Amino acid sequence: MWKILKRIAKTGIATETPPDLQKVGAGETAATQRIHDEILQILGRALTIREVDAGSCNGCELELNALNNVYYNLEGLGIKFVASPRHADLLLVTGPVSRNMALALQRTYDAIPEPKLVVAVGDCAINGGIFGESYATLGGVAKMLPVDHVIPGCPPEPIAILQGILTAVRYRLGTRAAADSAGHA
Amino acid sequence: MKIADLNLNLAPLPAPFPLVRGEVCASEWSAVALTIAENHGRLVTLWGSDDRHGEAGHFVVSAVYAVENGTLLWLDLPLPDQQLNYPDIAGIFPYASHMQRAVADLLGLVAEGASDTRPWLNHGAWPMDYFPLRREFTGTEVRDWPAVTDYPFVSVAGDGVHEIAVGPVHAGIIEPGHFRFAVVGEKTLRLEERLGYTHKGIDKRFEHLPASEGYRLAGRVSGDSTVAYAWAYCMALEAVWNWQVPARALWLRALMLERERVANHLGDLGALGNDAAFGFGLSQFMRLKEDWLRLNKTLFGHRFMMDRIVPGGVAFDPDTAACAKITAQCDAIEAEVRELHAIYDDHAGLQDRFLTTGRVTTELANQLGLTGLAARASGVPRDVRIDFPAPPYDELAVNIACRNSGDVAARVAVRFDELLESLQLLRQIVRRLPDGAVIAAPDNGMPEGRGAGWVEGWRGGIFVALTVEKENRIRRCHCHDPSWQNWPVLEYAAIGNIVPDFPLINKSFNLSYSGHDR
C-alpha cells in the first residue's frame with residue numbers, strides 16, 4: 001500500500017487543460033468548468049457516449065481508449081463512455097460499416113433514446129476509408145444512419161476526437177436554441 | 001518419416017529467412033500434414049486462391065508449415081478439373097478448422113471430411129453462392145443483399161445449464177465479436193466464439209491496389225500491429241522484386257517494431273490491472289503509454305507509426321537528437337515499469353485474480369497450435385525473432401520471455417519481461433544504428449512472382465503471402481494473424497473458470513478481431 005501511495009504522490013495530477021474552445025468554434029476561455037456547464041446546459045446532465053466498432057482495424061479504438069487516460073481526463077469534463085445504448089446521448093461509430101455489423105449497429109442506434117447524436121470517428125467511418133465499399137462493407141456510417149458530425153483522421157488523435165465531440169454537442173446546442181427561438185416566435 | 005523423405009519437389013523462394021515451396025497432389029496434401037505433425041512441425045497458415053485463367057489454371061489451396069529444421073514450407077495444392085474440394089487437415093491440426101471454413105466462404109472450396117462446415121466469415125449478409133475471391137467477381141457487385149442469418153451454435157443441455165450470449169457489441173470500447181457461454185451457476189462449461197463481424201473484404205481489396213501501395217492496406221489489417229503487418233508485407237514484396245533494403249532502414253524497422261510491442265504491452269498491463277479491479281494500474285500504465293505514443297508522434301509523425309514502413313525502406317530518418325530522446329525515454333519508462341512491476345507482484349488481491357485463472361497447459365498449447373505471447377506463457381518458447389531471424393534480428397540477441405504456468409499471471413509476467421527486453425533492444429538498436437540511406441530505389445523493375453514476409457508482432461507471428469503479377473498488380477495477398485491460432489485456445493482457457501473471470505482471461509490473450517476477420 002505504501003508503494004502505491006508513494007507512486008500516486010509522485011505522479012501528481014497529470015491532467016492537461018482541455019482543448020481551447022476557440023478551436024471548436026467559439027468562446028475565449030478554455031476552462032473545464034465552461035465545457036462542463038455547456039454540456040449541462042445542452043443536455044441537462046453529463047454527456048454519455050455509446051461507442052460501436054462497426055468494422056474498424058482497431059486503430060480508432062486505441063485512441064478512444066487513450067481519451068480515458070489521465071492526460072485527457074474525459075470523465076472530469078462530464079463525458080462518459082457507457083455500456084448500454086439506453087444510457088447514451090451520443091452514438092460514436094468507428095470503422096467502415098461491415099455488412100456483418102450493420103444489423104448490430106442499427107439496433108444499437110434504435111436503442112438510444114431521443115434526442116440522440118451520431119458522430120462518425122475516423123476516415124473509414126466517414127467514407128469507408130482505405131477499405132472502400134464492397135461485398136463486405138457498406139462504406140461510411142452515413143449510408144445507414146443520420147450522422148451529425150464527423151472527425152477525420154487515420155486514426156484521429158485523442159485531442160481531435162475530444163474537439164469533435166464538443167463540436168457535435170455545440171451543434172446540438174445551436175439547433176436546440178434555433179428550435180426554441182422558433183417556438184417562442 | 002522426415003520431411004526430406006517425402007520426396008517433394010521443393011524450390012527455394014526469395015525471403016530473408018529459409019523458405020521453400022512445392023506443389024502437391026490431394027493424397028500428398030494430408031500425408032505431408034501428418035508427417036509434419038508427427039515431427040512437431042506446425043501449421044502457420046492456410047488459404048485459397050483462384051488461379052484460373054480462362055480455360056487454364058486451377059483453384060489452389062495453400063498451406064505454410066514451420067518444420068523442424070527452422071524452415072518454412074509453402075505447399076500449394078492445385079485442384080484439377082475445376083474440382084471444389086480438398087482433403088481436410090483439421091483432423092491433424094485442429095486449428096485449421098476456422099481457416100478451412102474461411103476458404104469455403106471466400107472461394108467455395110470445401111475441406112472434404114471436415115467435421116465443422118458451418119459458414120465462418122459469411123454471416124448471411126451476402127449470398128451464400130457469392131464467393132468474392134473468385135475471378136468472375138469484382139468484389140463490388142451491388143445486389144439486393146439478404147439479411148444476416150441465425151448461426152447454429154453448439155448447444156449444451158442438462159440440469160441447470162443455461163446460456164449467456166455476449167456481443168457482438170461489448171460493454172467497453174473494444175472490437176465486436178460474439179461469445180456464447182454455456183454455464184452452470186457461475187462456472188463456464190463451454191464457450192463458443194463467433195467472429196467475422198469486422199470482415200472488410202481485405203483480401204479482395206488488395207486486388208484493386210498496385211503492389212507498391214499494398215503496404216498501406218496491410219498496415220490496417222490490425223491497427224495495433226500496423227508496424228508488424230507493414231513490415232511483413234514489404235518483406236514479401238521486396239523479396240519478389242529482389243529489392244535490396246538499406247541496412248539502416250532495416251534497423252529502423254526493428255526500432256519501430258519494438259516500440260509497437262512496448263506500447264501494446266503497456267496498454268495491456270494497465271488493462272489487466274483494471275480488469276482485476278485495480279484502477280491504479282490502468283491510470284499509471286495508460287499514462288506511460290500516452291508518453292510513449294506522444295514521442296512516436298514527435299519522432300515519426302504518427303502515434304502508431306502507420307505508413308512509416310514503405311517498400312524499399314522507411315519514411316523517416318532520425319537524427320542524433322531523436323536517438324538520444326529514445327534512449328532517455330527507455331531509461332525513464334524502465335524505472336517506472338520496474339516500480340509498477342513490484343507493486344503488481346506484491347498486491348495480494350491482484351495475484352489472487354491472476355494465479356491459476358484461464359490456464360492453458362503446455363500440452364494443450366502444443367496440441368492447439370497456440371502461438372506468440374500466449375504460447376510463451378504456456379511454456380512453448382517460440383519467437384520469430386529468434387527462430388527465423390531476418391535482419392537485423394540476426395545480429396540482435398533477443399532473450400526469449402517464457403513461463404510454464406499458462407495462466408493469466410504467466411501472460412502478465414511474459415508481458416513485463418518482454419517489455420523490459422524490448423527496452424534493452426531499443427537502446428541497442430539506437431546505439432548500433434548503421435549510417436546510410438533509409439530507402440532504396442527498385443532497380444530490377446517490377447517482375448511477377450511470389451514472396452513471403454514473417455515478422456514477430458507483439459501478439460505473435462504475422463505472415464504475409466504475396467503473389468504479384470506484372471505491371472505492379474497484386475494477384476493475391478494473404479495476411480495471417482496469430483489470432484487465428486489463438487482464438488480457439490481461448491475457448492479452452494475459459495472452461496471451468498467463473499464467468500466474471502472471462503474478461504480477465506480474454507484481456508490476457510488480447511487477440512485481434514480485425515486481424516482475424518480481415
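The following dialogue works through how to read several features of this predicted model.

Q: What pattern does chain A follow along the sequence, and how many helices and strands does it have?
A: Chain A has six helices and five strands, and these run in the order α-α-β-α-β-β-α-β-α-β-α. Buried residues make up 53% of the 185 residues in chain A, and of the contacts in this chain with a separation of 6 or more, 76% are between residues 24 or more positions apart.

Q: Which domains does UniProt list, and on which residues?
A: An unreviewed UniProt entry lists "NADH:ubiquinone oxidoreductase-like 20kDa subunit" as a domain at residues 57-166 of chain A; in the model this span is 32% helix and 15% strand, with its end C-alpha atoms 25 Å apart.

Q: What describes a pair of aromatic rings?
A: A pair of aromatic rings is described by the distance of the centres and the angle of the planes. The whole structure holds 24 aromatic pairs over all chains. One of them joins Tyr130(B) and Phe137(B), which are tilted at 55° between the planes and lie 4.5 Å centre to centre; both Tyr130(B) and Phe137(B) are buried. Another pair, Phe278(B) and Tyr344(B), is edge-to-face, with 65° between the planes and 5.9 Å centre to centre. This pair links distant parts of the chain, since Phe278(B) sits in the loop between α6 and α7 of chain B and Tyr344(B) in helix α8, 66 residues apart. Phe278(B) and Tyr344(B) are both buried as well.

Q: Which residues do ring pairs link into a cluster, and which arginines lie over the face of a ring?
A: Ring pairs can be followed from one residue to the next, and here they link Phe179(B), Phe181(B), Trp487(B), Phe502(B) and Tyr513(B) into a cluster. As for arginines over rings, Arg180(B) lies over the face of Phe153(B), at 4.1 Å from the ring centre, and Arg259(B) lies over the face of Trp292(B), at 4.0 Å from the ring centre.

Q: Why does Arg303(B) count as buried?
A: The general idea is to compare the relative accessible area with a cut-off, and buried means under 20%. Arg303(B) has a relative accessible area of 4%, so Arg303(B) is buried. Arg303(B) is found in the loop between α7 and β11 of chain B, and its side chain makes a polar contact of 2.9 Å with the side chain of Glu290(B). Beyond its neighbours within four places in sequence, Arg303(B) is in contact with residues including Glu63(A), Tyr72(A), Glu157(A) and Leu293(B).

Q: Is Pro176(B) buried or exposed, and which residues is Pro176(B) in contact with?
A: Pro176(B) counts as buried because its relative accessibility is 2%, and Pro176(B) lies in the loop between β8 and β9 of chain B. Leaving aside its neighbours within four places in sequence, its contacts include Asp53(A), Met101(A), His170(B) and Tyr513(B).

How values were computed: Residues are numbered from 1 along each chain as its sequence is written. Chains are lettered from A and ligands numbered from 1 in the order in which they are written. This is a predicted model: local features need pLDDT of at least 70, side-chain atom pairs count only at pLDDT 80 or more; totals for chains, interfaces and linings use all residues. Side-chain values use heavy atoms; hydrogens and water are left out. UniProt positions are given in the numbering used here, feature names are shortened, and annotations may be inferred rather than shown by experiment. Helices (H or I, at least four residues) and strands (E, at least two) are DSSP runs, numbered from the N terminus. Rings of Phe, Tyr and Trp (its six-membered ring) pair if their centres lie within 6.5 Å; planes under 30 degrees apart count as stacked, over 60 as edge-to-face and the rest as tilted. Buried means under 20% relative accessible area, exposed over 50%, partly exposed in between (1.4 Å probe, protein chains only). A charge sits over a ring if NZ of Lys or CZ of Arg is within 6 Å of the ring centre and within 35 degrees of the ring normal. A polar contact is a pair of N or O atoms within 3.5 Å; within protein, one must be able to donate a hydrogen and the other to accept it, and residues adjacent in sequence count only if both atoms are side-chain atoms. Contact means heavy atoms within 4.5 Å.
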